[in-house]
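Work through the exercises below with the sequence and the structure open beside you. Try each task before you read its solution.

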Amino acid sequence: MLYTLLCYNKEDVVWSWSKEEDDAVMARLSVVHEKLVKEGKLGTSLRLLPTTAATTLRGGDLVIDGPFAETKEQLLGFYVIDVESLDAALAVAKQLSAANPTSVYEIRPIALYVPDARPNAPTQMIKVY
Amino acid sequence: MTDMAWINGALTAARPQAIGALLRYFRDMDRAEEAFQDACLRALKSWPEKGPPRDPTAWLILVGRNAALDGVRKQSRTTALPPDEEISDLGDAESELAERLDGSHYRDDVLRLLFICCHPELPATQQIALALRIVSGLTVTQIARAFLVSDAAMEQRITRAKARIAKAEVPFETPGPAERAERVAAVAAMIYLLFNEGYSAGQDPARAPLCDEAIRLARLLLRLFQTEPEIMGLTALMLLQQARLKARFDPSGEVILLDDQDRSLWNANLISEGLALIDKAMRHNRPGPYQVQAAIAATHSRSPSAAETDWAGIDGLYLALERMQPSPVITLNRAVAVAKLHGPAAALAMIEPLEAQLSGYFHYFGARGAFLLQLGRKSEARQAFDRAIALANSPAEAAHIRQHLDRLMQQAE
């Protein structure tokens, strides 16, 4: 089975950590990461920039500064895309939105990207459910 | 059990919003502060046992308000309100209050609180001291240490500032759009002033945290005004400057100039956040001074080494900044880019007309000395450096010029 773990925290606290504090947390996490890699359990992981860096696309052409902030909708999935700018990311979101018009897309820059390290990482689509 | 560090973090985070709401309610700064203080004491007693409330800020506002009212009623011998232990059991009142806080009040409460601190009648240093005391919740001792004055002097300064504000007309009605924009601009200027207090202090442990506090306030302002490109620019500017903190000084505390900094010491997290914010701001096509300054800082951040710096880009950005807010200091900064692009003679010609206006400015003579030295005009360079040392704002600045002078003189031999 594949799972995604979503990590929540107070972003103003986390992003006020000094480099030393941040490094210390990352060092503790990397111990866990390495163990999971050895066990062949860790797929892609990433760290997001704070919500102040987010932009949201609603209804295909309404671009809103800031994070997705409704309580009526729930997180149902995510994409990682590799493009050169926020404008390019918005262009991708618009294509997705055209295909799935009721969804809202929050565009959040990724601060740290750790690729899938499993030796037999799937190279094809897996339908789990 | 709730972790004390978590509680302290929650109290600090709730402070601007809670005091802002209590101020709207009581219309009196001292009462608002006392009520918040009271609520914090109760939180420290109640949260470790019962666990934190669902919405700490709403809890603090409600408990603070009731505690203050309770005090008034006790004095007038009427019935007391129910104890706050009952309120903390997530009663309906709290969720109702939380809902109301989600609305536009919240934004204007925090803005009003910040805006009060930048009242135009208050001198800049008092504005910052007041914001640190009221909004950030730093102790008088902490603030006094940051401003290199005694506790008593700082206490008096803050009391005076508060008295002045109490006399002034504090606007409690909801601001209109033009007024709101004015307030945001005043608050942004105060936050950048606060940042510069910390930045110019370099590594002084008492003053350096002022930069972190300024960034925290900027992020707060940005969350309230998410579509303001200048607030994005201000936040980005401070993040990108703060990112270089570890590289700005050598182990003995001497200043290291941008060109000579070890870029691997720059804080990559802060840089990526700053760059993302500029990216967002640019989409608005509403440039402003903070955005342009952030773009200049970003040009340095994006450059893998000093040698690869896009000086033409920086020159263009300074030119844009000069047009937005003409100032000899900006022209002086542009001259540094011009020196890299067109040589020291062009840069020197550019700054010479500024001497009358900048005759008391350390950086003017530092730059002038450097340009003259590059042109081989050594005795004039020495004169300029001597004047720079006399005008230095800190021992580190003076030491830097001396070191710079020695090294460049050797190179020029």
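A residue is called buried if 20 or more other C-beta atoms lie within 10 Å of its own, exposed if 12 or fewer do, and partly exposed in between, with the C-beta atoms placed from the backbone. This is a predicted model, in which local features need pLDDT of at least 70 and side-chain atom pairs count only at pLDDT 80 or more, while totals for chains, interfaces and linings use all residues. Residues are numbered from 1 along each chain as its sequence is written, and chains are lettered from A and ligands numbered from 1 in the order in which they are written.

**Exercise 1. Decide whether Asn285(B), Arg27(B) and Ala35(B) are buried or exposed.**

Step 1. Asn285(B) has 7 other C-beta atoms within 10 Å, and therefore it is exposed. The place of Asn285(B) is the loop between α13 (268-282) and α14 (289-302) of chain B, where helices (H or I, at least four residues) and strands (E, at least two) are DSSP runs numbered from the N terminus. Although Asn285(B) is not a glycine, it has a positive phi of about 55°.

Step 2. Arg27(B) counts as exposed because it has 11 C-beta neighbours inside 10 Å. Arg27(B) lies in the loop between α1 (4-26) and α2 of chain B, and it has a positive phi of about 55° without being a glycine.

Step 3. Ala35(B) has 28 other C-beta atoms within 10 Å, so it is buried. Ala35(B) belongs to helix α2 (residues 29-50) of chain B. Two residues are in contact if their C-beta atoms, placed from the backbone, lie within 7 Å; leaving aside neighbours within four places in sequence, the contacts of Ala35(B) include Leu22(B), Phe26(B) and Ala67(B). The C-alpha atoms of Ala35(B) and Ala67(B) are 6.7 Å apart, although 32 residues separate the two along the chain.

**Exercise 2. Check the length of helix α18 (residues 362-374) of chain B, and find how many of its residues are buried.**

Step 1. The expected span of a helix is 1.5 Å times one less than its number of residues.

Step 2. Among the buried residues are Tyr364(B), Phe365(B) and Leu373(B).

Step 3. Just after α18(B) comes Gly376(B), which takes a positive phi of about 80°.

**Exercise 3. Describe the open sheet of 3 strands in chain A and the helix that packs on it.**

Step 1. Chain A has 3 helices and 5 strands, which follow one another from the N terminus as α-α-β-β-β-α-β-β.

Step 2. Two strands pair if DSSP finds at least two bridges between them. The order in the open sheet is β3-β2-β4 of chain A, and the pairing is antiparallel. At its edges are β3 (62-65) and β4 (105-107) of chain A, each of which pairs on one side only.

Step 3. Strand β2 (residues 55-58) of chain A is joined to β4(A) by 3 bridges, and Thr55(A) has Ile107(A) as its bridge partner in β4(A).

Step 4. Helix α3 (residues 86-99) of chain A packs on the sheet and touches β2, β3 and β4 of chain A, with a direction at about 165° to that of β4(A). For such angles, axes are lines fitted to C-alpha atoms, for helices over the stretch in contact, and angles run from 0 to 180 degrees between N-to-C directions.
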